[in-house]
Amino acid sequence: LEFRRVLFRSRGVNMAVAAATELGKKVVIMDASFQFGDVGVLLNLNPKNKSIADLIPEVEAGELESVNTFVINHSAGIRVLLAPPSPEMAELITPSGVKKVIEALRRDHDLVIVDCTSYFNDTTLAILDSADVILTMLSLEITSIKNMRLFLEVTQQLGYETGKIRLVLNRADSALGIRVADVEHSIGRKVDDTIVSDGRSVVYALNRGVPFFLSNREAQVSQDILRLTRAVVGERTQVASADDSGKSAQKKSLFAWR
């Protein structure tokens, strides 16, 4: 399960690289797996004092210009805001602080990619509320399909429009006894994008700390990532407005027990 989670997270990193190198966008990726972030490992970055945990107190104090101090320029042509270096530091990160960070990143970049955890909490909800497009990945496995169905039910309760969520089928060419049509019937909507398997290219790149989009740009998995990136960049729309204030309050109440 841990290996699979890292592979999923690598898709976000490679989307960022594809948007920067192929589409000429100014891109930043923020690692929002605040306890066990992997983006730094995937990009061979490991600074101890440049993470969102260090940035949040300054942003909360109104020092928005501090954002650039903590965002790292990577040789792949992207910028990176890392997760905290130790799990306990995740407690320093607040939903309001995360929203302010995202707003600041948006002002200076064409594309902000936020790599989230796979569970709901107040901070993740704040990120999802702020997103223009939510990419959510599933695979041809019964547990993944079940979890996706539950996720979509929650997003309906949150009041998200269908167009805000884009379903991506990972390892779509795997022969596991479940067809794409079966998946779509089970979750009640179409799969928007597919990414093929390429364990050799992906794992080799992971072990070197180099995005596979750079190390093997002609591979089918890299081409699938580029196609997905073009689609997302082309259809981005601003979903938040002043009229959503009442709806936001209703969304928060769904997580009142926290």
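Three strands, in the order β5-β6-β7, make up an open sheet with parallel pairing. The model is a predicted one. The edges of the sheet are formed by β5 (134-138) and β7 (193-195), and each of these strands pairs on one side only. Direction ignored, neighbouring strands are turned against each other by 30 degrees on average.

Strand β6 spans residues 165-170. Three bridges join β6 to β7 in the parallel sense. Within this part of the sheet, Asn 170 lies opposite Ile 195 of β7. Helix α7 (residues 142-158) packs on the sheet and touches both β5 and β6. The direction of α7 makes about 155 degrees with that of β5.

A helix-helix contact was also examined. Two packed helices are described by the angle between their axes and the distance between the axes. Helix α3 covers residues 52-60, and helix α5 covers residues 95-108. These two helices pack at about 90 degrees, and their axes are 9 Å apart. Angles of 65 to 115 degrees count as roughly perpendicular, so α3 is roughly perpendicular to α5.

On the α3 side, the contact is made by Ile 52, Leu 55, Ile 56, Val 59 and Glu 60. Helix α5 contributes Ser 96, Gly 97, Val 98, Lys 100 and Val 101. By class, six residues of this contact are nonpolar, two are polar and two are charged.

Terms used:
Residues numbered from 1 in each chain as written. Predicted model: local features only at pLDDT ≥ 70, side-chain atom pairs only at ≥ 80, totals over all residues. Heavy atoms only, no water. Axes fitted to C-alpha atoms, helices over the stretch in contact; angles between N-to-C directions. Helix = DSSP H or I, 4+ residues; strand = E, 2+ residues; numbered from the N terminus. Parallel < 35°, antiparallel > 145°, perpendicular 65-115°, else oblique. Contact = heavy atoms within 4.5 Å. Nonpolar A, V, L, I, M, F, W, Y, C, P; charged D, E, K, R; others polar. Pairing = 2+ DSSP bridges.
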